[in-house]
Amino acid sequence: MSNTDFALAIEDLTVSFDGFKAIDALTLYIDKNELRVIIGPNGAGKTTLLDLICGKTKAASGSIKFKNTELTKMAEFQRVRLGIGRKFQTPSIYENLSVFQNLEVSFPKGRSVMGALAFKCTDDVMERVRSVAQDINLTDKLDTEAGLLSHGQKQWLEIGMLLMQDPELLLLDEPIAGMSARERELTAELLQRICKNRSVIVIEHDMNFVKQIAHKVTVMHQGKILAEGSMDKVQNDPKVIDVYLGH
Ligand code: ADP
Ligand code: MG
């Protein structure tokens, strides 16, 4: 496989904070339309890796190519424009707006010449809101004020706001934190739907959840990749049991 076949090709990536290498010569490839789960102990560098991909943190050295375009020197907004969507651990939604309005304001305006010139795209926006609402289980809540949603529904809404931009790569940091058991199940289903035509990287702790969604799992430890492969393979890897699953 050449590098151009990957959605994301990360090579030899390093970043240090006060001399401490949070990401240490890390190499990772994500396929187009792949759902990849990243696990690992606290402080392994998982969140930092997403920060580097979305541009919140700048790499010290190494390469991050998205659809064969080098990202490391690009600003955060440029990476969003290229099709990278990042969800942080705490949802940032407009509590006073309805679910519908939250989705509507997230539709990218003026990204294309058509978008900037034509207001006939109201129908397109409506269509997108409906389809995203279905994906995130909030069709019945479109008129509800976002502040009244459950914690889990707020998490879904924020994923929906990212989906409005139709990102080709979606980065989710611990999306089920604080969710009920039922909401976790529904989130597993949601992820299967939304990774159909994009690549998704999910960081997660909950091993039951990981088992439900995982195709390929990457285990991080001390800024490096400790193991990679199927859930079965990774779970039975003595190195992984030692630093992570054994506890
Ligand atoms: P994880 O998400 O796997 O728990 P993080 O990526 O949040 O790990 O953190 C990896 C390491 O880098 C930790 O030791 C953390 O304290 C450190 N770190 C992360 N971000 C910063 C920062 N902005 N400044 C200094 N140290 C940081
Ligand atoms: Mg983290």
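**Ligand shell and cysteines**

Helix H1 gives the most to the shell around ligand 1, supplying three residues. This is a predicted model, in which local features need pLDDT of at least 70 and side-chain atom pairs count only at pLDDT 80 or more, while totals for chains, interfaces and linings use all residues. Residues are numbered from 1 along each chain as its sequence is written, chains are lettered from A and ligands numbered from 1 in the order in which they are written, and side-chain values use heavy atoms, with hydrogens and water left out.

**Shell of ligand 1**
- The residues around ligand 1, each with a heavy atom within 4 Å of it, are Phe17, Phe20, Ala22, Pro41, Asn42, Gly43, Ala44, Gly45, Lys46, Thr47 and Thr48.
- At least two residues of this shell come from each of strand S2 (20-31) and helix H1 (46-54), where helices (H or I, at least four residues) and strands (E, at least two) are DSSP runs numbered from the N terminus.

**Atom pairs and cover**
- An N or O atom in the side chain of Thr48 is 2.5 Å from an oxygen atom of ligand 1.
- A backbone N or O atom of Gly43 lies 2.8 Å from a ligand 1 oxygen atom, and for a backbone N or O atom of Ala44 the distance to an oxygen atom of ligand 1 is 3.2 Å.
- Of the 560 Å² of accessible area (Shrake-Rupley method, 1.4 Å probe) that ligand 1 has on its own, the protein covers 58%.

**Cysteines**
- The structure holds zero disulfides, a disulfide being a pair of cysteine sulfur atoms within 2.5 Å.

Definitions and conventions
Polar contact = N/O pair within 3.5 Å; in protein donor to acceptor, adjacent residues only side chain to side chain.
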